Amino acid sequence: MNKWKLAFFILLFSNFLIILISSGLLLMPGEKPPLKKEAEGSKDFAVFKVETDKQTVTKVINDYLKKEAVHQPLTYWVEITDDIKLYGSLLAFGRDLDMVMSFEPSVQQGNVILKVKSLSVGRLSVPVSYVLKYIDSQYHFPKEVQIDAKNRQIVVFLDQLALENGSKIQAEKIDLEEGVISAKLYVPLPLK
């Protein structure tokens, strides 16, 4: 066989092989991205991270407390600075007595735990568990708020809080020194 004829067949075979390999690569399925694990409930909810400041949270809490306490003899409001202070008055011994409770907040499973640091009625510092038991027995609180006198804390169950259109909220971080208060807002899908 002549060397030009041999070179022609090698070139023809090489072109045929290149076309065959290229066609095979084109027809093969491409690399697929790894499957993302859906966050729990994310098929049913759009999730938004919300971050805010102490002043905004103070206003929202006080507006909520004002709405919830319409038919209560207990009047109270909150101030958030380096800690959380609850001011109010409670009826005892036939008189309204000024009360101030100071809390250290923390987040546990999306709910807010308010550990009582101090409690005073009038100018007298009083036993926290005793006053918490008294408040719990004398006043009605929303179902989302539970007083735990034994552990000297108030638990705000955000997972039980009924928001408009079925939305849910979950606390993420509360750092009052840095002024960071963040939460996740779950909005039901499909959005209406």
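1. Basis of the values. Because this is a predicted model, local features need pLDDT of at least 70 and side-chain atom pairs count only at pLDDT 80 or more, while totals for chains, interfaces and linings use all residues. Residues are numbered from 1 along each chain as its sequence is written, and side-chain values use heavy atoms, with hydrogens and water left out.

2. The sheet. Three strands make up an open sheet in the order β1-β10-β9, with antiparallel pairing; β1 (45-52) and β9 (168-175) are its edges, each having a single partner strand, so one side of each has no neighbour in the sheet. On average, neighbouring strands of this sheet are turned by 15° against each other, direction ignored. Strands here are DSSP runs of E with at least two residues, helices are runs of H or I with at least four, and both are numbered from the N terminus; two strands pair if DSSP finds at least two bridges between them. For the angles, axes are lines fitted to C-alpha atoms, for helices over the stretch in contact, and the values run from 0 to 180 degrees between N-to-C directions.

3. The pairing of β9 and β10. Strand β10 covers residues 180-188 and pairs with β9 in the antiparallel sense over seven bridges. Among the facing residues, Q170 has K184 in β10 as its bridge partner, and I174 stands opposite I181 in β10. The hairpin of β9 and β10 has four residues between the strands, and there G179 takes a positive phi near 75°.

4. Relative accessible area sorts residues into buried (under 20%), exposed (over 50%) and partly exposed (in between), with a 1.4 Å probe and protein chains only. E172 is partly exposed at 33%, K184 is partly exposed at 28%, and K49 is exposed at 57%.

5. The side chains of D63 and K59 meet in a salt bridge of 3.0 Å, N to O. Both residues lie in helix α2 (residues 54-68), four residues apart, which is about one turn of the helix. D63 is partly exposed, at 39%, whereas K59 is exposed, at 54%.

6. The largest pocket. A pocket is an open set of points, on a 1 Å grid over the protein atoms alone, where a 1.4 Å probe fits, with protein on both sides within 12 Å along at least five of seven lines, and its lining residues have an atom within 4 Å of a point. The largest pocket holds about 1200 Å³ of space, this volume being the space filled by probe spheres set on the points, which are joined across faces, edges and corners. Its lining has 43 residues, of which V57, V60, I61, V156 and L158 lie nearest the centre, and α2 gives the largest share of the lining, eight residues. By class, the lining has 37 nonpolar, three polar and three charged residues, where Ala, Val, Leu, Ile, Met, Phe, Trp, Tyr, Cys and Pro count as nonpolar, Asp, Glu, Lys and Arg as charged, and the others, Gly among them, as polar.

How values were computed:
Salt bridge = Lys/Arg side-chain N within 4 Å of Asp/Glu carboxyl O.
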